[in-house]
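Please look over the sequence and the model shown here before reading on.

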Amino acid sequence: MSDLEDELAFQLKAAKIPFEREVRCHPVRRWRLDFLVEGTKIAVEVQGGIWSGGRHTTGAVEKEYEKENTALLMGYKILKVTAKHIRSGQALEWVETMLEKERKH
């Protein structure tokens, strides 16, 4: 878990949004989602290292796409966020907006 993930966890707790971290999202594969809002299929994937040559900027990103696309097909709603989104509060706003939409349906 990264400092960015810890920062988002702090924001979610402050907003009283229950969540789990590192949640397995596939019955066979070892894939995990960074965050899952409890009682929903709203997931958040933190895209770290996009400016430093991390996994999300190399060929390894194909494995990430495979995981995320499979999760989407399984009904998960995935928000992909960066440091900028977390630090500005935008990531939290997106989670809150998705929760509002879920409650209306």
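How many bridges join β2 to β3, and do these strands run parallel or antiparallel? The two strands run antiparallel and are joined by 2 bridges, where strands count as paired if DSSP finds at least two bridges between them. This is a predicted model, in which local features need pLDDT of at least 70 and side-chain atom pairs count only at pLDDT 80 or more, while totals for chains, interfaces and linings use all residues. Residues are numbered from 1 along each chain as its sequence is written, and side-chain values use heavy atoms, with hydrogens and water left out.

The protein has 4 helices and 4 strands, taken as DSSP runs numbered from the N terminus (helices H or I, at least four residues; strands E, at least two). Along the sequence these elements follow the pattern α-β-β-β-α-β-α-α. The 4 strands form an open sheet with mixed pairing and the order β1-β2-β3-β4. Because β1 (19–24) and β4 each have a single partner strand, they stand at the edges, and one side of each is left without a neighbour in the sheet. From one strand to the next, the twist averages 35°, with axes being lines fitted to C-alpha atoms, for helices over the stretch in contact, and angles running from 0 to 180 degrees between N-to-C directions.

Within the sheet, Phe-35 has Val-44 in β3 as its bridge partner. Helix α1 packs on the sheet and touches β1, β2 and β3, its direction making about 135° with that of β1; contact here means heavy atoms within 4.5 Å. Helix α2 also packs on the sheet, where it touches β2, β3 and β4, and its direction makes about 145° with that of β4.

Turning to the interior, 42% of the 105 residues count as buried, that is, under 20% relative accessible area, with exposed meaning over 50% and partly exposed in between (1.4 Å probe, protein chains only). The largest nonpolar core has 20 residues, of which Leu-8, Leu-12, Phe-35 and Val-95 touch the most other members. Such a core is a set of buried Ala, Val, Leu, Ile, Met, Phe, Trp, Tyr and Cys residues joined through side-chain atoms within 4.5 Å. At least two residues of this core come from each of α1 (3–14), β2 (32–37), β3 (42–46), β4 (77–81), α3 (83–88) and α4 (90–104), and α4 supplies the largest share, 5 residues. Leaving aside neighbours within four places in sequence, Leu-12 is in contact with Ile-17, Phe-19, Phe-35, Leu-92 and Val-95. Apart from this core lies another, of 9 residues, among them Leu-33, Ala-43, Ala-71 and Tyr-76.

The aromatic count comes to 1 pair, under a rule by which rings of Phe, Tyr and Trp (its six-membered ring) pair if their centres lie within 6.5 Å, planes under 30 degrees apart being stacked, over 60 edge-to-face and the rest tilted. The rings of Phe-19 and Phe-35 have centres 5.6 Å apart and planes at 55°, so the pair is tilted. Since Phe-19 lies in strand β1 and Phe-35 in strand β2, the pair ties together parts that are 16 residues apart in sequence, and both residues are buried.
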